[in-house]
Amino acid sequence: MTRYMLKRTIGAVIVMWAVATLVFFMLRIVPGDPIAAMLFDVGDPAAAEEIKEKLGLDKPMYVQYAKWFLLVLQGDLGNSIYGSNIQVNRLIAEAAPRTLSLATLSFIVATMIAIPAGLIAATRKNSNLDHGVTFFAFLGLSMPDFWLAILLIIVFAANLHWLPAIGYVPLSEGFWPWFSHLILPSIAVGTAFSAIVARMIRSAMLEVMKSDFMQVARSKGLRENTLIMIHAFPNALIPVVTVMGIAFALLMSGAVVVENVFSIKGLGRMLIQGILNRDYPVVQGTILIISAIFVFTNLLVDMVYTLIDPRIRYDK
Amino acid sequence: MTELLEIQDLAVEFVTPIGRVQAVNGISYSVAEGEVVAVVGESGSGKSVSAQATLGLIPQPPGKITSGKIRFRGENLLELDDEAIRQVRGQRVAMIFQEPMTSLNPVLSIGRQLTEAMRLHLGLSKAEADARGIELLSLVGIPDPDRRLVQYPHQFSGGMRQRVMIAMALACEPELIIADEPTTALDVTIQAQILELMKDLSARLGVALIIITHNLGVVARYAHRVNVMYAGRIVERGNADAIYGNPAHPYTVGLLNSVPRMDKPRGSPLEPIPGNPPDPANLAPGCAFAPRCRFATERCVQEVPDFVELADGHAAACFEIEAVRREAAE
Ligand SMILES: Nc1ncnc2c1ncn2[C@@H]1O[C@H](COP(=O)(O)OP(=O)(O)OP(=O)(O)O)[C@@H](O)[C@H]1O
Ligand SMILES: [Mg+2]
């Protein structure tokens, strides 16, 4: 297992390096540059060359790359070249907990809705309950999450005053302030995901229920609950875990639109801002973090597989 | 011998998009305590469906039991509610299935699958159930049972898995085991081993056994009584000796000529039955075998023949038994 983990970690680092490098060059190849973006603010064309020189953008690309890469190896992602030149590390340290909080809570909401809904739909196939779940799943899928977000704000914040409408409070300032600010956005993001996952659980369960081993289990006189939860569900989870892993990674790269609706300044928002401003270090830094999240979520999913499925062992 | 199981006039149909499939069409047979009974027939003749009906395992819908009784020690299993039939399953009547490769749950350990029925039905503790699980594994000839108990299905070969299935069926000491083509998916050498094992255990433990098979050649050595099924009906029934030595239905004769046998000289030619079994979705009014039968007459196409008793317990549903017998004598 340790050897396997080592191999996978090295693989993950290589993937991250490849993504970061690709982004580094792509940013510089696509039209539009940071100076143009800045000059729009500064309004002084004469300053252009000076800024370019100061930022090292006048050097050949491979020199810029080498410089950046050496800094990254030391854990320094550089400074934003826009506005107050704040350290990218600090920006990330601020944004990442927000996104992590929102992603985790949304994921929990999604799972808490999806598993019972999917199981009910599968075990009472073609009943009214199943049709109800299917209806809400399609509703959840076709309704944009920002729209649900706005609805939630109107009802629970503006009208009922139960929960705050916008903003984010760090966990260090208390559980409830942190949690109360995240409830509505987590529901908005989690509901959309739960619809997909519930449908997946339903079809995976229906598939498993048809297997020979379910007929065998039934012939042993087991209770219906045992059949569903012990015999069928773990088998149905195997395909679902893959999708849940991807879903979690996507959530971690930021639910940009919902973050915007609730003014949560997370990674997604930071990335979009960085791209609009052609703020190279910010974009490179955020992408590096997001790709790290992706590869390590993947690794985590593979570990979860070994817990569910005894056929999968990585020690060979 | 007292009758343990009596199936009377059982009929099962499936409502499918292409129409009603009459899978089982009024069959009756019985199994005495400790007896080994074979149900033989080609693919699609309704063998599995009739077996599944016994334990209430037919998916409804699309399936529907349209008539009949299945008496187990006098009690009609078809009238039991969900909870009562659940108590029969595994505990009093156990089942072994055709596909050992897919019949075990891949994510649960052999021990869990072997012991769960004992813990549920017999109320054994985990330690007691595990101890008995180990005993059962060695009973069915699995070496190193302590170690095997904690392993998973993918660590077992097909033959070993079928042994596990047998151990599972024996777990709660049922009175009847229904084995639905228990050896079809296995190598020939392993087939013989498994059948031998089942017959031996049945005799030793006094468990009655229904062996479902399409192979009339192999069951010979293992069954006391044989029921031959064709297109949802039983066409001939009798003691194994009578069926093999003195078959009366043209279909039985055809089946016997199409499989290698131990009581014929090696190298005697095999003659497959010409034609195909009928489509159970639209059965003709007369004898279902008539289109493939050399002896068929006008009457066979129009009427379904009743059973003709030939000897004690030996009967065939055919209008032309005389002709069949005459030819056999020549
Ligand atoms: N769930 C189902 N839905 C529709 N038709 C079914 C279903 N199960 C069985 N049947 C039909 O019932 C008929 C009898 O099937 P059954 O499985 O009993 O045959 P069998 O004699 O066991 O054949 P085999 O040797 O292939 O196992 C077949 O024509 C089959 O198509
Ligand atoms: Mg079958």
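Modeller: This is a predicted model, and we start with the ligand.

Biologist: What makes S48(B) a polar contact of ligand 1?

Modeller: The cut-off is 3.5 Å between N or O atoms. A polar side-chain atom of S48(B) lies 2.7 Å from an oxygen atom of ligand 1. That is within the cut-off, so the pair counts.

Biologist: How do you know that the backbone of G46(B) counts towards ligand 1?

Modeller: A polar backbone atom of G46(B) is 3.0 Å from an oxygen atom of ligand 1. The limit is 3.5 Å, so this is a polar contact. For S45(B), the backbone distance to a ligand 1 oxygen is 3.2 Å. That passes too, because the limit is 3.5 Å.

Biologist: How much of ligand 1 does the protein bury?

Modeller: Alone, ligand 1 exposes 630 Å², and the protein buries 69% of that. In the shell, α1(B) gives the most, with 3 residues.

Biologist: Now the chains. Why is the pair K220(A) and E116(B) called a salt bridge?

Modeller: The rule wants a Lys or Arg side-chain nitrogen within 4 Å of a carboxyl oxygen of Asp or Glu. Here the closest N and O atoms are 2.8 Å apart, so the pair qualifies. The count between chain B and chain A is 1 salt bridge.

Biologist: What else describes that interface?

Modeller: The buried area is about 2,000 Å², with 61% from carbon and sulfur atoms. R86(B), P106(B) and V107(B) supply 24% of the area that chain B buries against chain A. There are also 10 residue pairs in polar contact across the interface.

Key. Residues are numbered from 1 along each chain as its sequence is written. Chains are lettered from A and ligands numbered from 1 in the order in which they are written. This is a predicted model: local features need pLDDT of at least 70, side-chain atom pairs count only at pLDDT 80 or more; totals for chains, interfaces and linings use all residues. Side-chain values use heavy atoms; hydrogens and water are left out. A polar contact is a pair of N or O atoms within 3.5 Å; within protein, one must be able to donate a hydrogen and the other to accept it, and residues adjacent in sequence count only if both atoms are side-chain atoms. Accessible areas come from the Shrake-Rupley method with a 1.4 Å probe; for residues, only the protein chains shown count as cover. Helices (H or I, at least four residues) and strands (E, at least two) are DSSP runs, numbered from the N terminus. Buried area is the accessible area (1.4 Å probe) that two parts lose on being put together, summed over both.
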